[in-house]
Amino acid sequence: MTFNEMIQSDKPVLVDFFAEWCGPCKMMSPILKEVKDSLGDEVTIIKVDVDKNPQAAAAYQVQGVPTLIVFKNGQPLWRQSGVVPKAGLINIFQQFK
């Protein structure tokens, strides 16, 4: 399944634009795992390495990492750069269910 097919889902899809060398990105990984463990199949989480996929980062004007974008039916509904705590992410998903 391609990136564009994945973000067309009718359930929220969180895309984490990250880089291997990014310290805050490393902090997001366990938070995203906890969110996935809490919400299960209610949400899809995709990680996109901006160094390996510069075209995806450019398409969504990702300037810094980590940048998190929530898509539903292909539309970006929410976006934030930097580390977002678990509770904040869960609240965002509740809004877009």
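Predicted model: local features only at pLDDT ≥ 70, side-chain atom pairs only at ≥ 80, totals over all residues.
Student: Is Asp16 buried or exposed?
Tutor: Asp16 sits in strand β1, residues 13-18 (strands are DSSP runs of E, at least two residues, and helices are runs of H or I, at least four, numbered from the N terminus). Buried means under 20% relative accessible area, exposed over 50% and partly exposed in between, with a 1.4 Å probe and protein chains only. The relative accessible area of Asp16 is 0%, so Asp16 is buried.

Student: Which side chain makes a polar contact with that of Asp16?
Tutor: A polar contact is a pair of N or O atoms within 3.5 Å; within protein, one must be able to donate a hydrogen and the other to accept it, and residues adjacent in sequence count only if both atoms are side-chain atoms. At 2.8 Å, the partner of Asp16 is Lys47.

Student: Over which ring does Lys47 lie?
Tutor: A charge sits over a ring if NZ of Lys or CZ of Arg is within 6 Å of the ring centre and within 35 degrees of the ring normal. At 4.4 Å from the ring centre, Lys47 lies over the face of Phe18.

Student: How are the rings of Phe3 and Phe71 arranged?
Tutor: Rings of Phe, Tyr and Trp (its six-membered ring) pair if their centres lie within 6.5 Å; planes under 30 degrees apart count as stacked, over 60 as edge-to-face and the rest as tilted. The whole structure has five aromatic pairs. For Phe3 and Phe71, the centres are 6.3 Å apart and the planes are at 85 degrees, so the pair is edge-to-face.

Student: Why do the buried residues of α4 line one face of the helix?
Tutor: The buried residues of α4 (residues 86-96) are Leu89, Ile90, Ile92, Phe93 and Phe96. The arc is that of the directions from the helix axis to the C-beta atoms. Seen down the axis of α4, the buried residues line one face because they fall within an arc of 160 degrees.

Conventions
Residues numbered from 1 in each chain as written. Heavy atoms only, no water.
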